[in-house]
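Here is a short tour of one protein chain, written to be read with the model open beside you. Turn it around as you go and follow each section on the screen.

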Amino acid sequence: MKTLYCEDCHEAFTGCDETQTYNCIHCGTELVDAFQCKECDGDFGEDELHEGYCDECLEKHASYETALDYSEAGERTFVELDQFLGYIFSTSEIEEILHKTLADARKLFDHQVRRESKNYCLTDKDDFALYVDRNKKGLE
Ligand SMILES: [Zn+2]
Ligand SMILES: [Zn+2]
């Protein structure tokens, strides 16, 4: 027995015979093998998972705190800067100032900061899923 999945209706069908092909009872699309999310164990189509995680589980991880840590662990980005400011401040000082500004902004615009944190984390879902996975292994 195995679980099959309709990629059009996003519905799983359990108890299917290994040797047979099936079509969705709702839309008629041929069912494909279901894959389980590493975190919630839900059934999904292969293309709907990112390194084994479903969208919903990744979204749960995509918080402000996670964005800070995920970003720190990731690649650097480069921005243009006023020459005098670049002369006065070092990279780590600029980062410190901006982290403080962001923390302050969070007090006033919590919703927006949260939304942007989530969008940032989910920009590259496969990469973020790998990060989530690495962190989990670190906790075990
Ligand atoms: Zn269907
Ligand atoms: Zn999941």
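Predicted model: local features only at pLDDT ≥ 70, side-chain atom pairs only at ≥ 80, totals over all residues.

## Burial and overall form

Along the principal axes, the C-alpha atoms occupy a box of roughly 70 × 30 × 25 Å.

How is the chain built up in terms of helices and strands? There are six helices and five strands, and from the N terminus on they follow the order β-β-β-β-β-α-α-α-α-α-α. The radius of gyration is 21 Å, well over the 14 Å that the globule rule gives for 140 residues, so the chain is more spread out than a compact globule. Among contacts between residues at least 6 apart in sequence, 46% link residues at least 24 apart.

As background, nonpolar side chains in soluble globular proteins tend to be buried together.

Setting aside neighbours within four places in sequence, Phe-128 makes contact with Leu-58, Tyr-70, Cys-121 and Leu-122.

Three of them form an open sheet in the order 2-1-3, with antiparallel pairing. Strand 2 (11-16) and strand 3 (32-33) are at the edges with a single partner strand each, so one side of each has no neighbour in the sheet.

Strand 1 and strand 2 run antiparallel and are joined by four bridges. Lys-2 is found opposite Cys-16 in strand 2. On the other pairing, strand 1 and strand 3 are antiparallel too, over two bridges, and Tyr-5 has Val-32 in strand 3 as its bridge partner.

Most residues other than glycine have a negative phi. Which value does His-10 take? Its phi is positive, about 55°, although His-10 is not a glycine. His-10 belongs to the loop between strand 1 and strand 2, and the hairpin of these strands has four residues between them. With 11 C-beta neighbours inside 10 Å, His-10 is classed as exposed, because the cut-off for that class is 12 or fewer.

Asp-41 is a second case: it is not a glycine, yet its phi is positive at about 65°. You will find Asp-41 in the loop between strand 4 (35-36) and strand 5 (43-44). Asp-41 is exposed as well, with 8 other C-beta atoms within 10 Å.

Is helix 4 buried or exposed along its length? Helix 4 is hardly covered: among its 18 residues, the count of buried ones is zero. Helix 4 spans residues 91-108 and reaches 26 Å from first C-alpha to last, close to the 26 Å expected at 1.5 Å a residue.

Further along, Asp-124 sits in the loop between helix 5 (110-121) and helix 6. Asp-124 has 13 C-beta neighbours inside 10 Å and counts as partly exposed. The C-alpha atom of Asp-124 is separated by 12 Å from that of Gly-74, although the two residues are 50 residues apart along the chain.

Note on methods. Residues numbered from 1 in each chain as written. Chains lettered and ligands numbered in written order. Contact = placed C-beta atoms within 7 Å. Pairing = 2+ DSSP bridges. Expected span 1.5 Å × (residues − 1). Buried ≥ 20, exposed ≤ 12 C-beta atoms within 10 Å, placed from the backbone. Rg over C-alpha atoms; globule rule 2.2 N^0.38 Å.
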